[in-house]
Amino acid sequence: MAIPRILVVDDDPDMRQMMTQFLRQNGSIALPAANEVEVRNHIDGGRVDLVLLDVMLGDENGLEICKRLRREQDVPIIMVSALSADHQRMDGYAVGADDYIAKPFNPELLLARVKAVLSRTRRSASLVHRRNTNTFTFAGWSFDAKSGEVQSPAKIQVALSRRETTLLQVLLANPHIPLTREEIAANLDITGEAQPQTETTGRAIDVLVGRLRNKIETNPKDPQILKTERGVGYVFASDVDVTET
């Protein structure tokens, strides 16, 4: 249920902006980076689910960056390069890349490859999720993922609708991460297909957030758990503890 956080590494500002904007429009959190220092800052600063890494980064070599990252962690890496000969692709796989996309590329193809790599790397986690028995606690509240029951700090069970429960699951999977209405809407879509944000969609998310606030906030007009992030959307502002039961 966590919204994928994708690191876009390219020293060309136009290409970097195009890729980040396209991924954001399709339900991902896209983080731009131009060099290895910025890559490290993002990875050290929070969760990164996949790295789109250009091979030629000015004075830096994407293959060497991939090799160093692979020594330290298992984050999926897709190499992106204008170098498309077979031996150049093999060089990418040899340093631990999960996939290799040649420039120029169709953005829809990029999206398909991103989804495929995320699907492969998350397959085990997805199987666990389908039989999820975790209990999530936040601000004195608890949510039983198996039963879907929500309990207040006063140990009173609170009934949520299916959409409210799904929204809560999205928020619990992304604590302290500001989410746009578009990102939330994409993850509430039971078909799994991200839809472009419209004014109507934005209002629907606002209404749904308001309904959830009415059930989990002490004062819905001054929310302390599900806060509005000005200029972005919403942020789940509480720490979340997960217990496997």
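**A walk through a predicted 245-residue chain**

Of the 245 residues of the chain, 42% count as buried, where buried means under 20% relative accessible area, exposed over 50%, and partly exposed in between (1.4 Å probe, protein chains only). This is a predicted model, in which local features need pLDDT of at least 70 and side-chain atom pairs count only at pLDDT 80 or more, while totals for chains, interfaces and linings use all residues. Residues are numbered from 1 along each chain as its sequence is written, and side-chain values use heavy atoms, with hydrogens and water left out.

The chain has nine helices and 15 strands; helices (H or I, at least four residues) and strands (E, at least two) are DSSP runs, numbered from the N terminus. The accessible surface of the chain comes to about 12800 Å², and 49% of that belongs to carbon and sulfur atoms. Accessible areas come from the Shrake-Rupley method with a 1.4 Å probe, and for residues only the protein chains shown count as cover. Among contacts (heavy atoms within 4.5 Å) between residues at least 6 apart in sequence, 59% join residues at least 24 apart.

Strand 1 pairs in the parallel sense with strand 2 (residues 29-33) over five bridges, two strands being paired if DSSP finds at least two bridges between them. In this pairing R5 stands opposite I29 in strand 2. Strand 1 also pairs in the parallel sense with strand 3 (residues 50-54), over four bridges, and here L7 stands opposite V51.

Strand 1, helix 1 and strand 2 make a right-handed β-α-β unit. A crossover is right-handed if, with the strands pointing away from the viewer, the path from the first strand over the helix to the second runs clockwise. Helix 1 (residues 13-25) contains T20, which counts as buried at 5% relative accessibility. The side chain of T20 reaches the backbone oxygen of R16 at 2.9 Å. Leaving aside neighbours within four places in sequence, T20 is in contact with V8, A30, L31 and P32.

Strand 7 (99-102) is likewise covered on both faces: D99 and I101 on one side and Y100 and A102 on the other are all buried. Strand 6 (residues 77-81) pairs with strand 7 in the parallel sense over four bridges, and I101 is the bridge partner of V80. The chain crosses from strand 6 through helix 4 (residues 86-94) to strand 7, and this β-α-β crossover is right-handed.

The loop between strand 7 and helix 5 (107-121) holds P104. The peptide bond from K103 to P104 is cis, with omega near -10 degrees. In helix 5 lies L111, buried at 8% relative accessibility. L111 touches F22, L23 and N26, not counting residues up to four places away in sequence. The C-alpha atoms of L111 and L23 are separated by 7.4 Å, although these residues are 88 residues apart along the chain.

The antiparallel pairing of strand 10 (residues 149-151) with strand 11 runs over two bridges, and V150 stands opposite V158.

K155, in the loop between strand 10 and strand 11, has a positive phi of about 65 degrees although it is not a glycine. K155 is exposed, with a relative accessible area of 61%. H176, in the loop between helix 7 and strand 12 (179-180), has a positive phi of about 65 degrees and is not a glycine; at 43% relative accessibility, H176 is partly exposed.

Helix 8 (residues 181-188) has seven of its eight residues buried, so it is largely enclosed by the rest of the structure. The buried residues of helix 8 are E182, E183, I184, A185, A186, N187 and L188.

Terms used: Polar contact = N/O pair within 3.5 Å; in protein donor to acceptor, adjacent residues only side chain to side chain.
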